[in-house]
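Me: Can you walk me through this one? I want helix packing and aromatics, with the criteria spelled out.

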Amino acid sequence: VGYGNIHVFLESSDDEWWYSTYKGIRSTVGIPVKEHMDRKSVIKDLQKKIPKFVGVRIAVESQGGGGSDPRVSLNIFGDDVDVLADLLGEVERRLQDIPSVISIDSDLERANDEVHVTIDRDRAQKLGLSARTVGRNIGFALQGVQLPFYQADKREIRVRLYLEKLNQATVQHLKALTFPSKSGEQISLMEFAKLKVNQGRGTIRREDGKTRLRVSAFTTKDDIKGLYAEIDKALEGFSLPRGYTWDKGERYSKLQEEDSTMSFAMIMAVTCVFLLMGVLFESFILPFSVLLSIPFAFLGVYWTLFATGTPMAGLAMVGVIVLIGVVVNNAIVLVDMINRMREEGMDRTEAILEAGRNRFRPILMTTFTTIFGLMPMALGNSTVMGQPYAPMGRTMMGGLISSTFLTLLLVPLFYTFFDDLRLVLQRIATSAWKRKSSVSSTELTADD
C-alpha cells in the first residue's frame, strides 16, 4: 500500500494580550477579523475542500505545539492477531462517529507488502532440504549476516556480509535463489515452494504477555477528558471475546493520576486552612463558616469555564488550588471583625451588621484589584511549555467574583448557625461536667 505525506507548518501568533482580546470579542459578536487561520480552521477547511478518490483514504493528522497533543490512543490486547484486527476495525468504525474526531490511525495502517514463502515439505525432503535451512538461507540472502567487529586503530567497525546479487532484493531475485540438493545439483526455490505477496500487519507489539494493537484518534477538541467521555459512549455495547481486553492508553492513565494528585492537593489545602482558622478563632466550629466560602468559589469557576469554553485541566486545576487560599481571605476578615466586636460587648446581630458595613468596601476593593490584575492573564495567549496561562486566570477571576458576593450574603448567615451550634455544644458539655461533679461529690459524702 503506497502513501504520501504533506506537512503544513502554521505561523504562530505572538499578538499582545489586548489585541487577542479585541479579536476574540469581534469574533464573538460576529464581526470578521482578518488574520491567519488557526489550526482548527485549517483542519476544517481541508476536510471540506480536499478531493476524494475511490480507493484512496485521506487522513488529517494534527500535531499540537508544545504540550498540546490532539491525539488519544486506545489499546486492544489479545492472543490472535486476526481477531485483534477485526476488533480494531470495529473500534475505528465507532470512533469515526464522534464529531470532534478528524481522522483515525492504527498500528495496521501503512503496512508494507510481505512475501510469504510456502514450502512443499514432501518435495523439499526428497531433495534433501529442510524448511529451517531454506528459511535461514533466505534470511541470509535478504538481510545478510552480522560478522564480528573489525578492529581498527582506535575504534570498532560494524561488518555485515551480503550476497552481491541480492543486495537490492526483489521478488524476481528471490525466485531465482538456488539451493544445493543432496545430489549436489542447484535447485531453484520455485521448484519446491510457492511465493505469495500479501499486505503486512504493520506494527505489532507485545505487552505483559499479550499482543497489542493500538488505534489513535486525532481531534480538534481541547477538552481531552470530554473526548474520553465521548469515546466511552461510542464504545457502549462493544463486546470482546474471552481473553481480550482494551484500555484507553497511557495518556488516560496520566490524566487519572493527575486528577488524583490534584484532589489530594485540594484536600490538603482545605485542611491547612481549617487548622489555621481553628488556631486563630480558638474554636473548632466557627472555621466552618469560613470554609463555606470555598464552594461558592467553585460555583463561579464552573460557570466561568463553561461560558468561555475552557476545559478543566492543566493550569486551570492549579488555579483552583491557589483559589482555596485566596477566597477565604474575605470571609476571614469579616468573621474576625465580628468576633472582635462581640468581645467588646456588642450583640451578635449588631456585630454582624456593623462588620458587614465596615468591611464591605475594603473587601470589594481588594477583590476587584485582584480581578483586574488577572485580566491580562485570563484574556491573553501566553503559554509556558505549551500550556496556556488563560485557564488559570479565568478560574481565579470566576471564583473570586462569585465567592465575594456570596461571602457577604451567606457567610454571616452560616456564622449564626455555627455560633448557635457552638453554644449548644458548650451547654451540653457544661451540664455533663456538672452532673459528673455532683455524682463524684455524692460518692465522697457516702464514703464519709
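Reply: Helix axes here are lines fitted to C-alpha atoms over the stretch in contact, and angles run from 0 to 180 degrees between N-to-C directions. Helices (H or I, at least four residues) and strands (E, at least two) are DSSP runs, numbered from the N terminus. The model is predicted: local features need pLDDT of at least 70, side-chain atom pairs count only at pLDDT 80 or more, and totals for chains, interfaces and linings use all residues. Residues are numbered from 1 along each chain as its sequence is written, and side-chain values use heavy atoms, with hydrogens and water left out.

Me: How do the axes of H11 and H12 cross?
Reply: At roughly 150°, and they come within 8 Å. H11 spans residues 315–343 and H12 spans 348–379.

Me: Which residues in H11 meet H12?
Reply: Among them are Asn330, Val333, Leu334 and Met337. On the H12 side, the residues include Arg348, Ala351, Ile352 and Glu354. Contact means heavy atoms within 4.5 Å.

Me: What is the contact of H11 with H12 by class?
Reply: It has 9 nonpolar, 5 polar and 5 charged residues. Ala, Val, Leu, Ile, Met, Phe, Trp, Tyr, Cys and Pro count as nonpolar, Asp, Glu, Lys and Arg as charged, and the others, Gly among them, as polar.

Me: New topic. How many aromatic pairs in the whole structure?
Reply: The search finds 9. Rings of Phe, Tyr and Trp (its six-membered ring) pair if their centres lie within 6.5 Å; planes under 30 degrees apart count as stacked, over 60 as edge-to-face and the rest as tilted.

Me: Why is the pair of Phe274 and Phe288 tilted?
Reply: Their planes are at 50°, so the pair counts as tilted; the ring centres are 5.1 Å apart. Phe274 is in H8 (residues 249–281) and Phe288 in H9 (residues 287–291), so the pair ties together parts 14 residues apart in sequence.

Me: Phe274: buried or exposed?
Reply: Buried, at 16% relative accessibility. Phe288 is partly exposed at 33%. The cut-offs: buried is under 20% relative accessible area, exposed over 50%, partly exposed in between (1.4 Å probe, protein chains only).

Me: Which residues form the aromatic cluster?
Reply: Phe274, Phe288 and Phe418.

Me: And Tyr302 with Phe306: what kind of aromatic pair?
Reply: Stacked, with 6.2 Å centre to centre and 10° between the planes. Both lie in H10 (residues 293–308), 4 residues apart, about one turn of the helix. Phe306 counts as exposed, at 57% relative accessibility.
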